[in-house]
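This briefing is for a reader meeting the structure for the first time. Please look over the sequence and the model below before reading on.

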Amino acid sequence: MFRKLLIVVATLFATSAFAIDIPQSQGKVTDLANVLTKTERDQLTQKLEKLEKDNPDHPQIGILTVSSLADESIEEFSNEVFHSWGIGQKGKDNGLLLVIAPSQRKMRLEVGYGLEASIPDSTAQRIIDSMKPDLRVKNYYAAMNRAVDNIIVTGKQIGRAH
């Protein structure tokens with residue numbers, strides 16, 4: 001009986017774990033929902049690359065937009081992508097992944113374990129909330145740029161705390 005139950009549970013986890021494929025990273029900004037122009041994507045990418053180059057200890061940031069999450073929760077999907085892409089420095093686990101599913105009006109800031117004390121859920125939620133006015137008018141670039149700016153400010157505060 002226990003063996004049958006174990007097989008059923010394993011099958012359920014396997015089914016839910018692969019409900020949606022993990023997309024390949026296209027760099028700092030992966031816009032699979034096609035909500036950014038090439039210029040906007042390039043500007044965000046340059047901003048994130050410059051941040052990383054100028055501040056090697058700053059949290060590493062990735063941005064992903066997707067057309068659909070299928071039936072998967074944004075929390076589960078974001079976590080799977082975050083770990084699959086390996087965002088953050090080894091040993092520091094200081095990565096952040098901003099995921100936006102515009103058609104479903106869902107977003108999430110996935111925070112690496114090394115930053116959870118510095119960027120608790122309440123701070124991540126404030127960053128997400130700061131994007132909402134721009135997202136309401138479908139200005140995705142402004143929303144993402146604002147989130148990055150807020151993460152940069154938070155990152156500077158983290159640096160001063162150490």
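The model is predicted. The protein contains 5 helices and 4 strands, and 42% of its 162 residues are buried.

**Overall layout**

- Along the sequence, the elements follow the pattern α-β-α-β-α-β-β-α-α.
- Of the contacts between residues at least 6 apart in sequence, 62% join residues at least 24 apart.

**Nonpolar cores**

- In soluble globular proteins, nonpolar side chains tend to be buried together.
- The largest nonpolar core has 28 residues, and those touching the most other members are Leu44, Ile63, Leu96, Leu98, Leu109, Met131 and Met144.
- Two or more residues of this core come from each of helix 2 (38-54), strand 2 (60-65), strand 3 (95-101), strand 4 (106-111), helix 4 (121-136) and helix 5 (140-161).
- Helix 5 gives the largest share of this core, with 8 residues.
- Another core, of 13 residues, lies apart from the largest one; Leu69, Val81, Trp85 and Leu97 are among its members.
- Leaving out residues up to four places away in sequence, Leu96 touches several residues, including Pro59, Ile61, Phe82, Ile87, Leu109, Val111, Leu115, Ile119 and Ile151.
- Gln60, Gly62 and Glu110 are also among the residues that Leu96 touches.

**Largest pocket**

- The largest pocket holds about 510 Å³ of space.
- Its lining consists of 19 residues, and Arg105, Lys106, Met107, Lys132 and Leu135 lie nearest the centre of the pocket.
- At least two lining residues come from each of helix 3 (74-85), strand 3, strand 4 and helix 4.
- Helix 4 supplies the largest share of the lining, 7 residues.
- By class, 10 of the lining residues are nonpolar, 1 is polar and 8 are charged.

**Asn94**

- Asn94 sits in the loop between helix 3 and strand 3.
- The relative accessible area of Asn94 is 4%, which is under the 20% cut-off, so this residue counts as buried.
- A polar atom of the Asn94 side chain lies 2.7 Å from the backbone nitrogen of Gln89.
- Beyond its neighbours within four places in sequence, Asn94 is in contact with Asp57, His58, Pro59, Gln60, Gly88, Gln89 and Leu115.
- Pro59, Gln60 and Leu115 are in contact with Asn94, and they are also among the residues touched by Leu96.

Conventions:
Residues are numbered from 1 along each chain as its sequence is written. This is a predicted model: local features need pLDDT of at least 70, side-chain atom pairs count only at pLDDT 80 or more; totals for chains, interfaces and linings use all residues. Side-chain values use heavy atoms; hydrogens and water are left out. A nonpolar core is a set of buried Ala, Val, Leu, Ile, Met, Phe, Trp, Tyr and Cys residues joined through side-chain atoms within 4.5 Å. Buried means under 20% relative accessible area, exposed over 50%, partly exposed in between (1.4 Å probe, protein chains only). Contact means heavy atoms within 4.5 Å. On a 1 Å grid over the protein atoms alone, a cavity is a set of points where a 1.4 Å probe fits but cannot get out, and a pocket is an open set with protein on both sides within 12 Å along at least five of seven lines; lining residues have an atom within 4 Å of a point. Grid points are joined across faces, edges and corners, and a volume is the space filled by probe spheres set on the points. Ala, Val, Leu, Ile, Met, Phe, Trp, Tyr, Cys and Pro count as nonpolar, Asp, Glu, Lys and Arg as charged, and the others, Gly among them, as polar. A polar contact is a pair of N or O atoms within 3.5 Å; within protein, one must be able to donate a hydrogen and the other to accept it, and residues adjacent in sequence count only if both atoms are side-chain atoms.
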